[in-house]
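Let's walk through this fold together, from the overall layout down to single residues. Keep the sequence and the 3D view side by side as you read.

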Amino acid sequence: MSDTGKASDGASAANCSEDFPAANNMRWRFADLSFWNAEKLCAYAERKGVSEEAAKARAEFGRLCAPFAHPQDAAFIKVENGVALVEKGGDFFEISPLSENFCKNFDEPSAYTALIAANARGIELDIKPDARGAICVFSGWFKGGVESFSMRVKAAENSDVKILLADAVYGSTFLLKGMRFDLAEGAKLSVCALGTADENSPKFERADVEISAGADFRFAGVEAGGAPTRCEMKLSLNGENANALYSKLLNCGGNTRHNLRTRQLHNAGSASSKVDIKAILKDLSGADFVGEVLVGRGAQKSKAYQSCRALQLSDEARLQASPILEIEANDVECSHGCAAAGPDEDELFYMRARGLNQQNARKLLVEGFAQGLLAQMEDAAFAEFALMALNSR
């Protein structure tokens, strides 16, 4: 039985046949599927970044890495065009090449996840029991064409580790990224993530998280904008008192469209999960969010919540959100909320009355909207760097 089946236990089998939908699955009805198809992937396979683009990309990657090249008491791993270099190691984890069975538990509803599964290039991080520390993994991609990279993190019992992730994708590169996080009993794993790209370098990202009893997983990420992204995140809570918090900020400008799908699978009782999505919408951009909550019959006293909020800075920008709740237990707390609004004119008037021009007043509003999510990052310097990336777009 698949893990989806554990949460749904036979309910609406047609709806639960895939962890994530293929192009012909109408449950992904809000996504811009005209972009995410095999034809587009093949077109990118023939593209190679010109030297000028590659030079700019390398400079951007250097700028990205510089503030965190040697954080105090943190390990640092740099990935350049798929090659991982440990610039500063730690004694609380082990790093090794990714094993070939990394994606053996991935369903393959699309050409993208199939390619990730077929490509064993990547790294594994084995965090030791009772370990404490921080790991930075910064990756840069600027060769052009299609690139694929995966990472698996195993957090052993009672470990407490923070991971800082950053991607810089440039030079007409299509990045396929797969991640898997396995948390043993009592483990705590906090992930802070930042994605930057030029307008010609889209990214497909797939992440699976397995959370055991008493474990705590927290993810706070920012897509700073530039190119289309599609992200699929699955949170599986497999033991009592497991906890998951997934937060994502999407910065949408130009004609960029961000597609995001989350799934909260409650396979055990007394577990809690929360998904908090924010989108900044400008120009002709858009964001599509589909969030699923599935609570199995045996998952009593579960708590699940999802929220999607958007700051709409353009009348032409669009947010489309679809919450999907399938609840089979009768003693749970599950809810969802969605809101989209433009800038508060009273707040703009207040700031302009105190000397700020229109541009700076709007910038301050955007920073205030983003601050709630950035505050969830458990590294203040990384959160400040993410804010800088937002302001540069």
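A residue is called buried here when its relative accessible area is under 20%, exposed when it is over 50%, and partly exposed in between, using a 1.4 Å probe and protein chains only. On that scale, 56% of the protein's 393 residues count as buried. Before going on, some housekeeping: the model is predicted, local features need pLDDT of at least 70, side-chain atom pairs count only at pLDDT 80 or more, and totals for chains, interfaces and linings use all residues. Numbering starts from 1 along each chain as its sequence is written, and side-chain values use heavy atoms, with hydrogens and water left out.

Now the parts list. Helices (H or I, at least four residues) and strands (E, at least two) are DSSP runs numbered from the N terminus. The protein has 7 helices and 19 strands. A contact means heavy atoms within 4.5 Å. Of the contacts with a separation of 6 or more, 86% are between residues 24 or more positions apart.

Two strands are said to pair if DSSP finds at least two bridges between them. At the β19 end, strand β17 (residues 303-312) runs parallel to β19, and 9 bridges join the two. Alanine 310 faces alanine 340 of β19 there.

With 39% relative accessibility, glutamate 87 counts as partly exposed. Leaving out residues up to four places away in sequence, glutamate 87 touches Phe76 and Lys78. Its C-alpha atom is separated by 5.8 Å from that of isoleucine 77, 10 residues apart along the chain.

There's another open sheet, of 9 strands, ordered β3-β4-β6-β8-β10-β12-β14-β16-β18, again with mixed pairing. Its edge strands, β3 (93-97) and β18 (318-327), pair on one side only. β3 pairs with strand β4 (residues 122-127) in the antiparallel sense over 5 bridges, and phenylalanine 93 has isoleucine 127 of β4 as its bridge partner. On to the next pair: β4 and β6 are parallel, with 6 bridges, and glycine 122 stands opposite serine 150 in β6. In β4, 5 of the 6 residues are buried, so the strand is largely enclosed by the rest of the structure. Helix α2 (residues 38-45) lies across β6 (145-155) and β8 (173-183), running at about 110° to β6.

In the contact, Lys363, Glu367, Ala370, Gln371 and Leu374 of α6 meet Ala383, Ala386, Leu387, Leu390 and Asn391 of α7.

Finally, the inside. A nonpolar core is a set of buried Ala, Val, Leu, Ile, Met, Phe, Trp, Tyr and Cys residues joined through side-chain atoms within 4.5 Å. The largest one has 49 residues, and Ile135, Leu189 and Phe217 have the most contacts inside it. Apart from that core lies another of 29 residues, including Leu164, Ala370, Leu373 and Phe382. As for isoleucine 135, the residues it touches beyond four places away in sequence are Ala75, Ile77, Phe92, Phe93, Leu125, Val161, Lys162, Ile163 and Leu164.

Technical notes: Axes are lines fitted to C-alpha atoms, for helices over the stretch in contact, and angles run from 0 to 180 degrees between N-to-C directions.
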